[in-house]
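Here are a few exercises to work through with the model open beside you. Try each task before reading its solution.

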Amino acid sequence: MAPPHGPLRTRVVAWNIRAGGGYRVDAILHRLGRWAPDVVALSEFRATPPSGALAAGLAARGLVHQVTTASPREPGVNALLLAARWPLARREISGAPVEPARWLFAWVAAPRPIAVGVMHVPNRVSGRKYPFLDAVLALARARWGEPALLVGDTNSGRIGADEQVPAFNAREDGWMLDLAAAGWTDAVRHRRGAVPAYTWYSPNGRNGFRIDQAFVNPALLPAVVETRHAWGGHAGGPRRAPSDHAAIILDLDLAGQRAGSRPRAPRE
């Protein structure tokens, strides 16, 4: 399906698809087809047959350029997939999170190129969450001269604003504030304001939390046209949705960016 956007409009969809997609792959593909993205960033993508079918389905829909952190040696490990209509150049950045499956950085050679960092932050119980957050923050504080996006499942949020019941601590709340202080704007909140909107609900208490975010740097912020969360279910809510997470849909108008420019890695 061709995108319904103009030549300089770019739609990014970021989505935690839950455990590789499983039997829900057809429903996930159907919903992605309806959204008609130009760039897709998937969390909990795996080196399994369902995830492979999902990658093939995205390619059939025009997102033929793909990079992944999934490994056939560990097919059940949650990883990432970045797929786009334009060539991708994956790069390693000094100081990036030391999580081979949960961090991916690439340049997207769109008509107006952008840099994209995809993340799936570990949970607290892993003991790896705070080093991951610290590494992302250090990258955010570097000098980014080109339009850039940091997106994914952060397992973090603002106290009070992103939780129906207390869940986030001062460290996670502070990370969100420090990203803002470093010049990275929470794109959904920028466009939607402080209206509560949750991207994941606990399976037991059914309490909502906003743990999936998209952050844009100052060079990309003027291009943000629209943002929203979408569950992908028939009724637009979490019931009967093909994942336990809502997707982030980010529409960018890149007309103001320089044609042919190539994003550079951040400099300290």
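**Exercise 1.** Classify arginine 189 as buried, partly exposed or exposed, and find its salt-bridge partner.

*Solution.* Step 1: the relative accessibility of arginine 189 is 22%, so the residue counts as partly exposed; the classes are buried under 20% relative accessible area, exposed over 50% and partly exposed in between, with a 1.4 Å probe and protein chains only. Keep in mind that this is a predicted model, in which local features need pLDDT of at least 70 and side-chain atom pairs count only at pLDDT 80 or more, while totals for chains, interfaces and linings use all residues. Residues are numbered from 1 along each chain as its sequence is written, and side-chain values use heavy atoms, with hydrogens and water left out.

Step 2: arginine 189 forms a salt bridge with aspartate 162, at 2.7 Å from N to O (a side-chain nitrogen of Lys or Arg within 4 Å of a carboxyl oxygen of Asp or Glu). Aspartate 162 lies in the loop between strand S8 (148-153) and helix H4 (170-181), and arginine 189 in helix H5, 27 residues apart. Helices (H or I, at least four residues) and strands (E, at least two) are DSSP runs, numbered from the N terminus.

Step 3: aspartate 162 has 0% relative accessibility and is therefore buried.

**Exercise 2.** Which residues does the salt-bridge network join?

*Solution.* Step 1: take arginine 210 and aspartate 186, whose closest N and O atoms are 2.5 Å apart. Arginine 210 sits in the loop between strands S11 and S12 and aspartate 186 in strand S9, so their pair ties together parts 24 residues apart in sequence. Both arginine 210 and aspartate 186 are buried.

Step 2: through shared partners, salt bridges join Asp162, Asp186, Arg189 and Arg210 into one network.

**Exercise 3.** In what order do the strands of the open sheet lie, and which stand at its edges?

*Solution.* Step 1: the 6 strands follow the order S3-S4-S2-S1-S14-S13, with mixed pairing; two strands pair if DSSP finds at least two bridges between them.

Step 2: S3 and S13 each have a single partner strand, so one side of each lacks a neighbour in the sheet.

Step 3: look at S1 and S14, which pair in the antiparallel sense over 6 bridges. Arginine 11 has aspartate 251 in S14 as its bridge partner.

Step 4: a salt bridge also connects arginine 9 and aspartate 253, with the closest N and O atoms 3.5 Å apart. Aspartate 253 in S14 and arginine 9 in S1 are 244 residues apart.
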